Amino acid sequence: ETPVTYEEIVDLMHDSFKERLEQGLHFTSCTMSVDDFKRKYSDGVIIVGFDKATGEMMAFYTFHLRRDKKNISFGYLEQLAVSPKAKRSGIGSKMLAENCRIASSMGAHYMLSDTACKATSSVLWHYKNGFYKYELESYRSTNYWSFVFIKYLDDTLKVRPLMIKFHYGWSWLFIR
């Protein structure tokens with residue numbers, strides 16, 4: 001209901017990921033331009049969270065619906081940015097819960113997300129919110145390895161943790 005510009009979203013994203021630049025991790029989110037953001041997420045979903053008392057934007061997330069090799073629909077959580085003022089307040093977890101609800105209502109059976117292996121707080125956040133480490137990935141635009149995480153939204157597709165560990169181990173061996 002509150003109008004938000006792409007510029008405001010990108011400013012929040014840059015503020016949110018500034019600590020990653022300080023760690024020496026070249027997150028695409030740290031330097032993405034407004035035009036690049038518009039191009040990348042024009043066909044995705046962007047949800048913004050506000051502080052009820054002040055009306056200030058505190059967080060946003062973006063995701064795309066995709067299909068895997070078995071033609072099963074899943075959501076890919078691409079960005080989850082939380083204002084430095086609101087970090088560790090639980091807003092990220094609330095945004096994720098809403099993301100999972102929306103993705104599930106759109107037919108997604110699971111969510112994927114990724115983060116740098118060295119981004120310890122983000123890795124721990126994924127575990128805390130029910131994700132499992134699924135595979136390792138290295139993207140051309142980054143200078144680090146990423147964990148890809150999976151969270152099942154549909155228990156009928158849920159893979160046993162041993163199978164997830166096997167899949168992760170296979171991806172680890174493949175990159176070595």
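N71 is exposed, with a relative accessible area of 52%. (Exposed means over 50% relative accessible area, buried means under 20%, and partly exposed is in between, using a 1.4 Å probe and protein chains only.) You'll find N71 in the loop between β2 and β3. Its phi is positive, about 65°, although N71 is not a glycine. This is a predicted model, where local features need pLDDT of at least 70 and side-chain atom pairs count only at pLDDT 80 or more, while totals for chains, interfaces and linings use all residues. Residues are numbered from 1 along each chain as its sequence is written, and side-chain values use heavy atoms, with hydrogens and water left out.

Now look at R88, in the loop between β3 and α5. R88 also has a positive phi of about 65° and is not a glycine. With a relative accessible area of 72%, R88 is exposed.

## The overall layout

How many helices and strands does the protein have? There are seven helices and six strands. (These are DSSP runs numbered from the N terminus: helices are H or I with at least four residues, strands are E with at least two.) Starting at the N terminus, the order goes α-α-α-α-β-β-β-α-β-α-β-β-α.

The protein has 176 residues, and 41% of them are buried. As for contacts (heavy atoms within 4.5 Å), take those with a separation of 6 or more: 57% of them join residues 24 or more positions apart.

## Two nonpolar cores

A nonpolar core is a set of buried Ala, Val, Leu, Ile, Met, Phe, Trp, Tyr and Cys residues joined through side-chain atoms within 4.5 Å. The largest one here has 22 residues, and Y61, I91, M95, L96, M111 and F131 touch the most other members. At least two residues each come from β2 (57-67), β3 (73-82), α5 (91-105), α6 (120-128) and β6 (145-152). Helix α5 provides the largest share, six residues.

Zoom in on M95: leaving out residues up to four places away in sequence, M95 touches I47, V48, G49, A59, F60, Y61 and L80. There is also a second, separate core of 18 residues, including L12, L25, V34 and F37.

## Helix α4 and its buried face

Which residues of helix α4 (residues 34-41) are buried? They are V34, F37 and Y41. Seen down the axis of α4, these buried residues fall within an arc of 60°, so they line one face of the helix. (The arc is that of the directions from the helix axis to the C-beta atoms.) The buried residues of α4 pack against α1 (6-16), β1 (45-50), β2 and β3.

## Helix α6 and what comes after

In α6, the buried residues are S122, V123, W125 and H126. Looking down the axis of α6, they fall within an arc of 160°, so they line one face of the helix. On the face turned away from that buried side sit the exposed residues L124 and K128. The cover over the buried residues of α6 includes α2, β3, α5, β4 and β6.

S122 has a relative accessible area of 16%, so it counts as buried. Apart from its neighbours within four places in sequence, S122 is in contact with R20 and T115. After α6 comes G130, with a positive phi near 85°.

## A97 and N129

A97 is in helix α5, and at 47% relative accessibility it counts as partly exposed. A97 and N129 are 32 residues apart in sequence, but from C-alpha to C-alpha they are 8.7 Å apart in space.

## The largest pocket

What is the volume of the largest pocket? It's about 1,000 Å³. Pockets are found on a 1 Å grid over the protein atoms alone: a pocket is an open set of points where a 1.4 Å probe fits, with protein on both sides within 12 Å along at least five of seven lines, and lining residues have an atom within 4 Å of a point. Grid points are joined across faces, edges and corners, and a volume is the space filled by probe spheres set on the points.

The lining has 41 residues, and F17, F27, L80, T115 and S122 lie nearest the pocket's centre. Two or more lining residues come from each of α2 (18-22), α3 (28-31), α4, β3, α5, β4 (110-116) and α6. Strand β3 gives the most, with seven residues. By class, the lining has 15 nonpolar, 16 polar and 10 charged residues. (Ala, Val, Leu, Ile, Met, Phe, Trp, Tyr, Cys and Pro count as nonpolar, Asp, Glu, Lys and Arg as charged, and the others, Gly among them, as polar.)
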